[in-house]
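Here is a short briefing on a set of chains and how they meet. Keep the sequence and the 3D view open while reading.

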4 protein chains.
Amino acid sequence: MANLGFVGLGVMGGRIAKRLLDSGHAVTGYNRTRSKARWLLDAGMTWADSPKDVARACDVTFSMVSNTEALLAITGGENGVLAGLGPGKIYVDMSTVGPAASRELSALVADKGARMLDAPVSGSVATLDQGQLTFMVGGDIDVFERVKPILLDVGPKATHVGDNGLAVSMKVATNLSLAVHMLAFSEGLLLAEKSGIKRETAVEVLLNSVIASPMLKYRGPFVLDMPDEAWFDVNMMQKDMGLALELGRQVDVPLPTASVTNEYLTAARGMGLADQDFAVIFEVLARMSGVSEG
Amino acid sequence: MANLGFVGLGVMGGRIAKRLLDSGHAVTGYNRTRSKARWLLDAGMTWADSPKDVARACDVTFSMVSNTEALLAITGGENGVLAGLGPGKIYVDMSTVGPAASRELSALVADKGARMLDAPVSGSVATLDQGQLTFMVGGDIDVFERVKPILLDVGPKATHVGDNGLAVSMKVATNLSLAVHMLAFSEGLLLAEKSGIKRETAVEVLLNSVIASPMLKYRGPFVLDMPDEAWFDVNMMQKDMGLALELGRQVDVPLPTASVTNEYLTAARGMGLADQDFAVIFEVLARMSGVSEG
Amino acid sequence: MANLGFVGLGVMGGRIAKRLLDSGHAVTGYNRTRSKARWLLDAGMTWADSPKDVARACDVTFSMVSNTEALLAITGGENGVLAGLGPGKIYVDMSTVGPAASRELSALVADKGARMLDAPVSGSVATLDQGQLTFMVGGDIDVFERVKPILLDVGPKATHVGDNGLAVSMKVATNLSLAVHMLAFSEGLLLAEKSGIKRETAVEVLLNSVIASPMLKYRGPFVLDMPDEAWFDVNMMQKDMGLALELGRQVDVPLPTASVTNEYLTAARGMGLADQDFAVIFEVLARMSGVSEG
Amino acid sequence: MANLGFVGLGVMGGRIAKRLLDSGHAVTGYNRTRSKARWLLDAGMTWADSPKDVARACDVTFSMVSNTEALLAITGGENGVLAGLGPGKIYVDMSTVGPAASRELSALVADKGARMLDAPVSGSVATLDQGQLTFMVGGDIDVFERVKPILLDVGPKATHVGDNGLAVSMKVATNLSLAVHMLAFSEGLLLAEKSGIKRETAVEVLLNSVIASPMLKYRGPFVLDMPDEAWFDVNMMQKDMGLALELGRQVDVPLPTASVTNEYLTAARGMGLADQDFAVIFEVLARMSGVSEG
């Protein structure tokens with residue numbers, strides 16, 4: 001059993017680290033705010049004082065942060081992951097970041113004699129809690145084969161999609177559908193409601209129809225009762241949409257539904273709803289339909 | 001066990017009639033082209049020479065036709081369903097038609113002393129074959145309760161959504177997501193492919209992710225191998241989108257993703273792809289991305 | 001000088017009839033509400049008791065009504081224009097209606113031995129008042145040549161675009177840009193305003209830039225001061241957009257900007273702004289941007 | 001008469017410098033490729049060996065480059081404009097760049113004791129040649145007043161829109177309409193053409209209608225005869241659209257027509273048309289409509 005490291009112990013990263021601990025792995029962790037990692041230390045995790053210290057102490061270091069800037073912050077500088085890497089070590093980043101940035105980072109890791117994988121997840125906290133989180137993985141196939149058993153301790157499936165950076169491309173390509181599906185769902189729901197069908201009934205029908213993806217199954221009911229705390233807020237969703245739209249321009253793929261949907265996320269911000277779960281895109285459309293007063 | 005009638009024995013209607021026969025119901029049927037109903041007569045169905053004759057002979061008459069015009073054709077005139085209805089009889093239309101037309105028809109049915117339900121289905125031939133077809137039902141609740149056991153002989157779920165016409169509204173509200181999901185899926189797929197991921201791999205990842213609705217699970221693989229015969233072609237899909245967009249204007253609900261997607265169905269027609277399954281919307285985007293030559 | 005008839009003396013039709021009177025023509029007119037034609041009778045117009053009477057009395061009969069239904073109402077029936085037409089007579093409809101309806105009407109006119117032109121206008125009341133209204137004309141070229149001098153008494157230009165019905169197609173093809181330009185203008189204006197530029201300054205810059213069409217020159221300032229009475233309200237604009245979108249589906253031309261804009265007109269209705277000039281599309285976007293409270 | 005400098009003597013910059021020379025100003029210029037400035041040296045311009053040398057030699061230095069990166073290249077470093085600025089000097093950048101970058105640059109200029117204006121132009125080479133180029137200007141009003149007479153030697157109007165950076169915001173807010181108008185024009189044109197109207201006729205009607213902005217007047221005819229050399233190619237147009245979309249996200253303004261149009265520019269790239277004038281967006285839609293084979 002390898003000695004594992006984990007940098008970035010937020011809502012998602014923390015839960016993944018816990019699963020690794022529960023599977024019997026020794027885990028050394030670091031988080032910018034130590035207090036948020038208290039429950040993991042109680043569960044047997046070893047603390048390290050910097051990302052560098054994590055990487056130096058471990059065979060395989062994982063990280064999970066919120067965006068490209070945060071990834072650059074934990075990997076660069078004298079206390080960063082890169083400073084702790086060396087020959088034989090493996091670094092696996094699970095964050096959703098810009099594909100180009102991930103690819104460039106993998107080159108810096110190789111300069112240290114280490115190997116990198118990008119391994120973003122498909123699913124949310126709910127998916128993880130149900131043991132259904134899956135991984136897309138980019139990087140050399142032999143490194144993938146070595147890390148795969150560890151990923152399967154977290155969720156049921158890890159798919160190798162290609163070279164370094166391609167897994168985050170795949171993630172970005174997947175995530176654009178999240179917001180699009182939520183907006184299309186909202187369109188159908190408001191059509192039904194303004195036709196005279198109760199919102200609860202319409203939600204039930206839609207979520208038992210052929211369009212009911214796992215994402216809609218858990219997020220669709222939010223339109224009846226928004227959660228107090230966002231699972232994935234408007235700003236986070238728009239970050240991912242921005243990565244998709246940027247990638248579309250780079251590789252020359254028009255993104256008609258993603259681009260139209262992104263403007264409704266912008267409207268959510270304009271209407272003061274940026275901090276809510278992105279299911280609030282329903283509220284934007286409800287106001288435009290005269291159903292909600294705002 | 002009531003004496004059942006069925007008008008419109010095409011790909012979908014015929015299969016539903018067969019399920020009713022298989023469940024032990026006596027079924028009297030009519031189809032414009034008699035030869036297409038041969039297999040049902042062989043399975044024990046009784047033939048009637050007109051929609052009127054079906055309605056006259058049966059307690060509950062079902063119908064399933066392809067659009068509003070066809071519904072008006074089988075119900076009106078001296079040989080239509082209406083001419084055969086009378087007090088105590090029930091008429092259940094399963095077609096996806098304009099909500100206003102369905103509502104007006106239910107009033108004409110009431111004028112005859114009979115009762116009507118609109119009961120469009122959620123799902124396709126594949127869903128039906130798997131025994132997973134569900135029904136949305138509009139009309140009086142007591143009529144719904146009487147018909148419900150028969151519907152449950154076809155599929156696992158029948159939901160009463162409200163008054164006459166509201167079930168087709170609900171159907172239209174559901175179906176708009178079909179085309180939108182297919183286009184968003186295509187956007188993600190082409191992003192992945194032009195980034196360097198194999199199309200097969202990208203399809204596999206997407207169809208194992210949280211966005212994989214039942215519809216995408218069966219239709220998504222079409223982008224790897226288009227079926228020889230369309231399950232639901234561009235023109236049929238655009239008919240449903242047209243009903244949704246018309247309803248949106250009537251009840252004042254903006255439909256951003258539905259409207260942008262509908263223009264890609266129009267493009268499929270412009271590019272000569274109208275007769276193919278609407279999954280061909282992928283091909284439209286592929287040509288715009290320079291991946292396909294046309 | 002031919003004996004001219006005019007059916008439909010509303011805001012636009014009335015003003016055109018007045019120009020014909022001012023140019024020295026004898027004009028016989030009919031309007032559903034006679035009181036609204038009082039000022040024209042005072043100016044020398046002769047009254048007729050029905051569209052049929054106008055057509056019977058005149059060599060060339062013009063009409064200008066608000067939509068396809070109104071056109072069918074004034075032309076059909078025992079008191080309609082068709083009933084008054086006969087060999088040698090000419091009928092010129094200036095309304096913006098469905099191209100198919102116009103074409104079918106021209107066939108009915110031909111059945112009477114008369115000839116028809118569709119001659120919709122480009123421009124609004126303001127354009128007309130400035131003597132700048134132009135005509136697009138569909139129908140046989142020899143009929144066009146005979147009517148052209150009369151049209152030039154109203155405005156500076158009349159262009160023959162092709163067969164019967166094609167001028168309304170051309171009109172519909174032109175008008176879709178009106179709403180699109182107004183929405184794009186609103187986007188630019190709100191970008192400027194939320195960046196810190198005064199709305200008045202931004203309007204001035206935009207209306208002195210290369211994007212300032214004649215339409216924007218007169219309608220753009222509405223965002224600073226909405227007119228008490230709509231020149232062309234949301235419902236009228238959406239009627240024209242509907243004709244364009246329907247034509248697009250018929251001839252297989254995707255209409256990306258028209259379709260996205262149409263949903264904002266729907267939003268204007270949902271937000272209770274249907275009766276205002278369609279420049280109110282700015283207000284829809286302003287509310288989505290958090291600039292306006294509604 | 002002040003001693004003027006000009007950095008960036010490309011198609012647009014060179015012509016503006018020529019106008020300044022023609023108005024009697026002494027102009028010192030620098031261009032990365034000296035040979036392209038030969039005609040200006042022949043016309044009396046003085047050469048300088050670097051942006052720094054221009055700024056050091058002149059009271060007021062102008063620049064006109066193609067994007068934010070180029071602006072940073074000519075202003076930064078030991079040979080950049082900043083290195084040559086000092087107390088009392090004025091620097092006026094006419095480029096269309098990111099508003100934030102322009103604002104940051106103005107702060108660096110102020111650190112040198114100098115003053116900066118952003119003064120992007122409205123119009124193209126054609127507008128300039130007709131003497132109709134206008135300026136939007138951002139920065140302190142007293143600096144604007146001093147520079148204004150020089151700008152009026154180039155074109156008829158210079159409007160102060162606010163603080164540093166706001167003129168490029170205004171420019172970006174204006175330019176999004178260019179591509180949107182061109183796409184809406186293409187939609188109308190193809191609707192007309194596929195209805196049976198000759199393309200030439202449809203162009204003539206549209207360009208004599210109320211939607212005919214100055215931009216459409218000169219660029220619309222490109223659909224009949226694309227220019228050998230792009231005036232403003234797809235990549236340049238998309239750069240400006242990208243700036244607008246980025247600004248929209250920053251200040252929370254949804255940009256529905258701009259975002260949908262931008263995807264058609266991406267399609268132009270996917271279809272291999274990136275180097276053509278952005279009027280080629282017509283060709284994208286023509287292929288989607290089956291009018292053009294590609």
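Two residues are in contact if their C-beta atoms, placed from the backbone, lie within 7 Å. By that test, the contact between chains A and B takes 64 residues from chain A and 65 residues from chain B. The model is predicted.

**Chain A overall**

- Chain A has 14 helices and nine strands.
- Its C-alpha trace spans about 65 × 45 × 35 Å along the principal axes.
- The radius of gyration of chain A is 20 Å. A compact globule of 294 residues would have a value near 19 Å, so the two agree.
- Of the 294 residues of chain A, 60% count as buried.
- Take the contacts in chain A between residues at least 6 apart in sequence: 64% of them join residues at least 24 apart.

**The side of chain A that touches chain B**

- The contact takes 64 residues from chain A and 65 from chain B.
- Eight elements of chain A each supply at least two residues to this side: β8 (134–138), β9 (157–162), α9, α10 (199–207), α11 (214–219), α12, α13 and α14 (281–288).
- Helix α9(A) gives the most, with 20 residues.
- By class, this side of chain A has 36 nonpolar, 22 polar and six charged residues.

**Helix α9 of chain A**

- Helix α9(A) covers residues 166–195, which is 30 residues.
- From first C-alpha to last, α9(A) reaches 44 Å, close to the 44 Å expected at 1.5 Å a residue.

**Chains A and C**

- Nine residues of chain A are in contact with nine residues of chain C.
- Helix α13(A), residues 256–270, gives the most to this side of chain A, with three residues.
- By class, the side of chain A that touches chain C has four nonpolar, five polar and no charged residues.
- A rotation of 180° with 0.0 Å of shift along its axis superposes chain A on chain C, at an RMSD of 0.0 Å. That is the relation of a two-fold axis.
- Of the interface residues of chain A, 100% are also interface residues in chain C, so the copies meet through the same surface.

- Most residues other than glycine have a negative phi.
- D252(A) has a positive phi, near 60°, and is not a glycine.
- D252(A) lies in the loop between α12 (234–251) and α13 of chain A.
- A residue is buried if 20 or more other C-beta atoms lie within 10 Å of its own. D252(A) has 20, so D252(A) is buried.
- In chain B, D252(B) also has a phi near 60°. D252(B) is found in the loop between α12 (234–251) and α13 (256–270) of that chain.
- D252(B) counts as buried because 20 C-beta neighbours lie inside 10 Å.

**Strand β4 of chain D**

- Strand β4(D), residues 60–63, runs parallel to strand β1(D), residues 3–7. Four bridges join the two.
- The bridge partner of G5(D) in β4(D) is T61(D).
- Four bridges also join β4(D) to strand β5(D), residues 90–93, and this pair runs parallel.
- S63(D) stands opposite D93(D) in β5(D).
- In a regular strand the side chains alternate between the two faces of the sheet.
- Are the faces of β4(D) covered or open? Both are covered: V60(D) and F62(D) on one side, T61(D) and S63(D) on the other, are all buried.

**Val109 of chain D**

- V109(D) sits in helix α6 (residues 99–111) of chain D.
- V109(D) has 24 other C-beta atoms within 10 Å, so V109(D) is buried.
- Leaving aside neighbours within four places in sequence, V109(D) is in contact with L82(D), L85(D), Y91(D), A114(D), R115(D) and M116(D).
- K89(D) is 20 residues from V109(D) along the chain, and their C-alpha atoms are separated by 9.5 Å.

Key
Residues are numbered from 1 along each chain as its sequence is written. Chains are lettered from A and ligands numbered from 1 in the order in which they are written. This is a predicted model: local features need pLDDT of at least 70, side-chain atom pairs count only at pLDDT 80 or more; totals for chains, interfaces and linings use all residues. Ala, Val, Leu, Ile, Met, Phe, Trp, Tyr, Cys and Pro count as nonpolar, Asp, Glu, Lys and Arg as charged, and the others, Gly among them, as polar. The expected span of a helix is 1.5 Å times one less than its number of residues. A residue is buried if 20 or more other C-beta atoms lie within 10 Å of its own, exposed if 12 or fewer, and partly exposed in between; C-beta atoms are placed from the backbone. Two strands pair if DSSP finds at least two bridges between them. The radius of gyration is taken over C-alpha atoms; the globule rule is 2.2 Å times the number of residues to the power 0.38. Copies are superposed by least squares on the C-alpha atoms of residues with pLDDT of at least 70 in both.
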